[in-house]
Amino acid sequence: MTPRVSSLNALTSLTVALTVIIPWAFLLLLLTPPSFALTSEPHHYHDYCIVGAGPAGLQLGFFLKRAGRDYIVFERSNTTGQFFIDYPRHRKLISINKRHTGKTNKEFNLRHDWNSLLSDDESLLFRHYSKEMFPHADQLLRYLRDYQQRLGIKVQFSTEISNIHSLPDDTMPDGVLYYMNDQLNNSYSCKVLIIATGMGKPNIPDMKGIEYAEGYESLSLHPEDYEGKSVLVLGRGNSAFEVADGIYGVTNLIHMVARSRVRLSWETHYVGDLRGVNNALLDTYQLKSLDGLLEADLTEVQLAKRDGKVFIEPLVENMSEFQKIFGDNFALREPYDKVLRCLGFSFDSSLFQNKSLARRSGRLKKFPAINYNYESSSHPGVFFAGTTTHSLDFRKSAGGFIHGFRYAIRALHRLLEWRYENVPWPSQPIPTAHLMNHLLKRMNEASGLYQMFQMLGDVIVFSEDGESVHYFEEFPINMLHEFTNSTGFPVKQVLVLVMEYGSEFSGPGKDIFRYDRATGDPGDAHNSNFLHPVLYYYDTVPTKMQMKTKGKQETLPRPAAMHHIVEDFLTLWDRPFSHIMPLRHFLDHITKTDLRDRFSQACFFEAMTHDSVGLLCKQRYLMGQGLSATPEMIVETDVEGLWPK
C-alpha cells in the first residue's frame, strides 16, 4: 500500500501546484503584448535596435555600448560592412587615407582621415590598415571586422529584419513600440529603432528597354569581355567613371549619357561628385579619342535590341518631328555592343510593413524623409544613421560618407541620450576670459566642425552675469531654435562657431582657379571663399520661423553680430594680427568688456586705482593666476611703466 499512498500524495501536490500556477500563467498571457502572445517563436526586447552593421551601425553601437545602454545591432549577412564585399566593383575606395600631416594632434589628424570610425582605441585608426592614399575595399572590411570585435559591439549576424511596424504602447516615450521579425520568424521589439542599412538598392530608371542594360551590381569586371566593343554607360557619377576607367583601354569607344552635366569634385568641393581618381575618360573625350559625354533625360529615350546590338532611340511617335529637332546627325545613332547601367543607389524601404515610408521629392527622392534630429518625419521613434541621412546636407557637406556621418552619429547619440535617458548634452564650463583661447583651439583642430561644415557647430551659451559660458561641441545648427529641448540646458545669449565656404567659391562652370579666388586681408574676411570659421552671435535664440525663412544661401538666420575669420592657405587660424586680434575685438564687442591680457603688475595698478577691474584681471590675477612681467617681456611700456603698449 505504501506505493499507492506515495502516488496519492504526489497527485495531491500536483493538483495544488496547478491550482496556484494556472491563474498566474493565464494572467501572464493576458499581459503579454498581442503581437507575440499567440506565437511559439522566441521574442526579444531591446531599448535600442539598430538595423545594419556597416560603418554607421557600428559607430552608433560603440556610443550605445560606452553609455551602457540595452542595444542590439542586426546584420543580415555573416560579416560587418557587407556592402563593401561587392562595392565599389573595382575595389578602390575614393575616401582619402592621409596618414601623415606633419602634426601629432589626434583631433587635427582626423580631419584628413576619411575612413576611421570614432573610438577610444588608438589602434583602430585606418592608417594602421593601409598605406594607400585610396585604399582597397578589402582593407576597410578588415578594419570594420576588427572594430566590432575589439570593442565588443553586440551584433547579431545572419538576421534579416523585415515586417517592421509599430503598435500603440502608452508605457513607451513615443507612445509606440516597434516590432519586427527575422527570416526565421523570431520576433523583436524596441522603444527606439535606428535604420543604418545604407543606400544599397540600385537605381533603375523608368526607361523602356532597360532590361537590355547590365547593372553596375552584376556587370563583368574582366577587360577582355569588352575587347573591341562599343559601350554605352548610363550614368555620370563615380561608379560610372570607375567602370569606364577599368575598360577604356580595350574598347572601341565609350559614350556616357546622363540627365545632368558632369560635376567635378574639385569644382564643387563636394566629395560625392566625380573625383580625380576616376576621371581619366575626360581626357580621351576632350582630346577627341572617340570617347564622349552627352546629356539626355533617360526617361525620354528607349533601348531596343536588334541583331545582337543595342540601339538608343527617342521616345517620339512622329519621327518627322524628331528629324526636325535633331536632324540626321543624332549623336547616339550608332548601335552599341553593351549598355552598362551605373546610376547609383537609393534607400530600400521594403523592410517596413508599410512600404510607403515617407520620401523626399526631386533630387532627394532616393532618401527617406527625416528631420534635422535624424528622426523619420512620419514615424516617431524611428531614426536614421549613416548615408541615409545625407538628404540633410546633400551636395553641401560630408554627411553621406564615413568622415562626415561619424560626427552626425555622435550628435544623434547625444540627442537620444537626452530624449530617452535624461542625460544632458555634454558641455564644458569656461570662464569668459578663456573663451577666445578655446575658440582658437577648436577652429584649429576640431575635425567634426571641419568635415560637417555648415551642419554641425559649437554652441556657446553665456551665463546671466556674462562672466562664464557653457561650451557645447558639434550641435546640429539647424536645430538651434530647439536647443534647450534637445540638450536640457536653458539658453538666451548664444554664440555659434561654424565652418563655411564662401557662397561664390564653387559651382559647375565657375572658374575656381581664378587669380582672385582667395583673400588674405582680415578686413575682407567676409569675402573669403575657402573653408573658414564664422561666428554668429544672438541676443536671443532664433525662433522656428526665423530658421525656416532664412535665405537659401544662409547658414543661419541674421544674427545680432557676425564675424568671419579670414581664410588661411594652411587652414591654421593662429596669426596674431590676421586672426587673433580681430577675433578678440569681436568678443570684446559682444561681451561688452575688455578681454585684453595684462600682466599682474597692470592688474594690481588697475585694482588700486579703479572701482572695478577688467574681466581678465578679475578672473586671473585676483584669483591668483596672474603672470608677472619680466624685463624681457616689457619691451615698450606706457607712462606708468606697468604694461606693454
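Biologist: Which hand does the crossing of helix 3 and helix 11 have?

Modeller: In this predicted model, the crossing of helix 3 with helix 11 is right-handed. Helix 3 covers residues 55–66 and helix 11 covers residues 402–421. The two pack at an angle of about 35°, and their axes are 10 Å apart.

Biologist: Which residues in helix 3 and helix 11 meet?

Modeller: From helix 3 come Pro-55, Ala-56, Gln-59, Leu-60, Phe-63 and Leu-64. Helix 11 meets them with Ile-402, Phe-405, Arg-406, Ile-409, Arg-410, Leu-412 and His-413. By class, this contact has 9 nonpolar, 2 polar and 2 charged residues.

Biologist: How many disulfides does the count come to?

Modeller: A disulfide is a covalent bond between the sulfur atoms of two cysteines. The rule asks for a pair of cysteine sulfur atoms within 2.5 Å, and the count here is 0 disulfides. For Cys-49, the nearest cysteine sulfur is that of Cys-190, 3.1 Å away. Because the cut-off is 2.5 Å, Cys-49 is in no disulfide, and Cys-190 is in none either.

Biologist: Is Cys-190 buried or exposed?

Modeller: Buried means under 20% relative accessible area, so Cys-190, with 0%, is buried. Cys-49 also counts as buried, at 0% relative accessibility.

Biologist: What pLDDT does the protein chain average?

Modeller: The chain averages a pLDDT of 86, and 85% of the residues score at least 70. Over residues 1–40 the pLDDT is below 50, and this stretch has 9 contacts beyond near neighbours in sequence. Residues 636–645 also stay under 50, with 14 contacts beyond four places in sequence.

Notes: Residues numbered from 1 in each chain as written. Predicted model: local features only at pLDDT ≥ 70, side-chain atom pairs only at ≥ 80, totals over all residues. Heavy atoms only, no water. Buried < 20%, exposed > 50% of the residue type's maximum accessible area, 1.4 Å probe, protein only. Axes fitted to C-alpha atoms, helices over the stretch in contact; angles between N-to-C directions. Helix = DSSP H or I, 4+ residues; strand = E, 2+ residues; numbered from the N terminus. Left-handed = near helix turned anticlockwise from the far one by under 90°. Contact = heavy atoms within 4.5 Å. Nonpolar A, V, L, I, M, F, W, Y, C, P; charged D, E, K, R; others polar. pLDDT = per-residue confidence, 0-100.
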